[in-house]
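Here's a quick briefing to read with the model open beside you. Have a look at the fold, then work through the points below.

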Amino acid sequence: MTDLSRYRNIGIFAHVDAGKTTTTERILKLTGKIHKIGEVHDGAATTDFMDQEQERGITIQSAATTCFWDDHRFNIIDTPGHVDFTIEVYRSLKVLDGGVGVFCGSGGVEPQSETNWRYANDSKVARVIYVNKLDRLGADFYRVVDQVRTVLAAVPLVMTLPIGIEDNFVGAVDLLTRKAWIWDDSGDPTSYTITDVPEDMKEKVEKFRTELLETAVEQDDAAMEKYLDGEEPDMDTIKACIRKGTIANDFFPTYCGSSFKNKCVQLVLNAVVDYLPSPTEVPPQPEVNLEGEPTGELAIVDENAPLRALAFKIMDDKYGALTFTRIYSGSIEKGTSIMNTFTGKTERVGRIVEMHADSREDVNRAVAGDIIALVGLKNVQTGHTLCDPNKPATLEPMVFPDPVISIAVSPKDKTASEKLGVAIGKMVREDPSFRVETDLDSGETILKGMGELHLDIKVDILKRTHGVEVDVGAPQVAYRETITERIEDSYTHKKQSGGSGQYGKIDYIIEPLEAGSDFEFESKVVGGNVPKEFWPAIEKGFRTSIDKGVVAGYPCLGFKVTLVDGASHAVDSSAVAFELAARAGYRQSVPKAKPQILEPIMKLDVFAPEVNVGDVIGDLNRRRGMISAQDTNPTGIRVKAEAPLSEMFGYIGDLRTMTSGRGQFSMEFSHYAACPRNISEQVVEEAAKRKAEKEKK
């Protein structure tokens, strides 16, 4: 039997450049998984193995690796920090039991940290906090701890205090043991001494230690009573209290260090063992039916139970498709058949591999609690459930955001044309936030994604990984259309020309819904004027029409159709006749309901040095941005704003020019809002031009 209490499935997540990948490298070195540390800035980090990651110094896709510390097995996923790739963080958190949230000692709680923290809250993932880069100019551990409280509304449980700061940072005091861990300047992570607390820190250590104990003993009534009677609980009891509170997300043990300088990473590893949950300590995954409704059954973490596993990532490489899988219950053996409940088909497991970034190690069997990759599965996609063919069940699926930006690509020659379809098919399977459509009029391939960088990387992967040369069009914004007025209308579809004809009359109300809503349909017909069997056809007629709006051809959302009456013919009425009536009714009524164009509004978080803030705000105002907040920190000012996506193309270049290369920003989709009239007119004009060009072709 596998001892699951010694498993830790953890993710490392943070804002861009807070030091996630560097921290992962240090963990791999300390656990003996690698012998030479690879640096991100040299393009040599183990988990950043894509060419694009090494050149840009950022993580693009989550990488999985397995290592051992203190007789415990760690399955670690290093996730990206850039907002365009948050899908990688979301799907990793979905299958993890615990996480390490890394924050920059000088940058503090940055925009993407907030998004990732929100995802982790949604997934109820237990976390420890690691305040990294305390050797940097402007680093301040206590300020970051305050930001965790105020910005993330979380309770940081301070476990260590830094000794020195910036250039003088040498180590940390462990509050529980009242011992100082001090590293020398050799850069060797194992070159440290454990001594008594420095004299000038004793008062501060006692203050924070008292806060730590008071918070921890609240988890256990007996320990609380002892503590209130003036007796400090023993170390095992205190650790058990901290573990209980951490798993319940009541508080988050908070550590400090400098991964780049190899200081204090051991303390974080010890915290993962001591306080983060094993697979058996997290709530079991709920099982759902095919409609996504909970069945009341749970996937119990037990290797002897029926198989329940979730495919959370697909990756194509030279050996074929790798399906990254988290096993929640049961076991998988090499050569056996498993069932995909989404397709209803069984597939044979060719190989089971344990991942270490882009290298792998074959294993014959994997059990509940494992995160492994399966080789040889053909029709599995992200979010699909893999289970025992004799006892099928479905796990809660993943939900992915819709893309907000698109570009048109066309192959440069016939060879590229043949390769394009295969390459794009593989890329869509790997990344659920990346979508592809073919424009039937022009024959162009439309790539849709979460941001400019996202699509830029996809085109780069097409060229380099798949050898497909393409011409790239200008980015297009995913506009939407909606209506603003309630209309009561009627439409009769009548076609009688010998033999059986077509007849369907519908009386209906079209009315706007609140912003952000989809399309809704309801029938209030009483009596048999429109027989019940034709209602689905009427709904289908309206639903299939909304893909093309009447203003500029963009999808039309945010309205409701209520069928109130109509008429049918005993012989000539059919589902097709009523569907056609609904389609024509849509084209007739939507133009009367004062339609308007909606544009995607993005949430911006811009960092700029103080001297450049005036220029940055002026530029955002010119881009129709609405400033919502300004936060000052030691290294500059963060400006929070909302702005239309159409105004933000190429913004990073302009921001770098204004700030002499020191500015940074992140952007994520917020909501759709009505376009101003002048912008609407431009959008309609451009749509008409594109239509004319397609017709010429």
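The side chain of Glu 481 reaches the backbone nitrogen of Val 550 at 3.1 Å, and that of Ala 552 at 2.7 Å. Bear in mind that this is a predicted model.

**Around Glu 481**
- You'll find Glu 481 in strand β30, which covers residues 480–483.
- Glu 481 is buried but makes no salt bridge; Lys 548, the nearest side chain of opposite charge, sits 9.2 Å away.
- Setting aside neighbours within four places in sequence, Glu 481 is in contact with residues including Gly 549, Val 551, Tyr 554, Pro 555 and Cys 556. Gln 596, Ile 597 and Leu 598 are also among its contacts.

**Nonpolar cores**
- The largest nonpolar core has 73 residues, and Val 100 and Ile 242 touch the most other members.
- Helix α9 (residues 265–275) gives this core its largest share, with 8 residues.
- Beyond its neighbours within four places in sequence, Val 100 is in contact with Ile 10, Gly 11, Ile 12, Phe 13, Val 128, Tyr 130, Val 268 and Val 272.
- Another core, of 45 residues, lies apart from that one; Ile 407, Ala 416, Cys 675 and Ala 687 are among its members.

**The ends of helix α7**
- Where α7 (residues 221–228) starts, a side-chain oxygen of Asp 220 comes to within 2.9 Å of the backbone nitrogen of Ala 222.
- After α7 comes Gly 230, with a positive phi near 90°.

How values were computed
Residues are numbered from 1 along each chain as its sequence is written. This is a predicted model: local features need pLDDT of at least 70, side-chain atom pairs count only at pLDDT 80 or more; totals for chains, interfaces and linings use all residues. Side-chain values use heavy atoms; hydrogens and water are left out. Helices (H or I, at least four residues) and strands (E, at least two) are DSSP runs, numbered from the N terminus. Buried means under 20% relative accessible area, exposed over 50%, partly exposed in between (1.4 Å probe, protein chains only). Lys and Arg count as positive and Asp and Glu as negative; His and the chain ends are not counted. A salt bridge is a side-chain nitrogen of Lys or Arg within 4 Å of a carboxyl oxygen of Asp or Glu. A polar contact is a pair of N or O atoms within 3.5 Å; within protein, one must be able to donate a hydrogen and the other to accept it, and residues adjacent in sequence count only if both atoms are side-chain atoms. Contact means heavy atoms within 4.5 Å. A nonpolar core is a set of buried Ala, Val, Leu, Ile, Met, Phe, Trp, Tyr and Cys residues joined through side-chain atoms within 4.5 Å.
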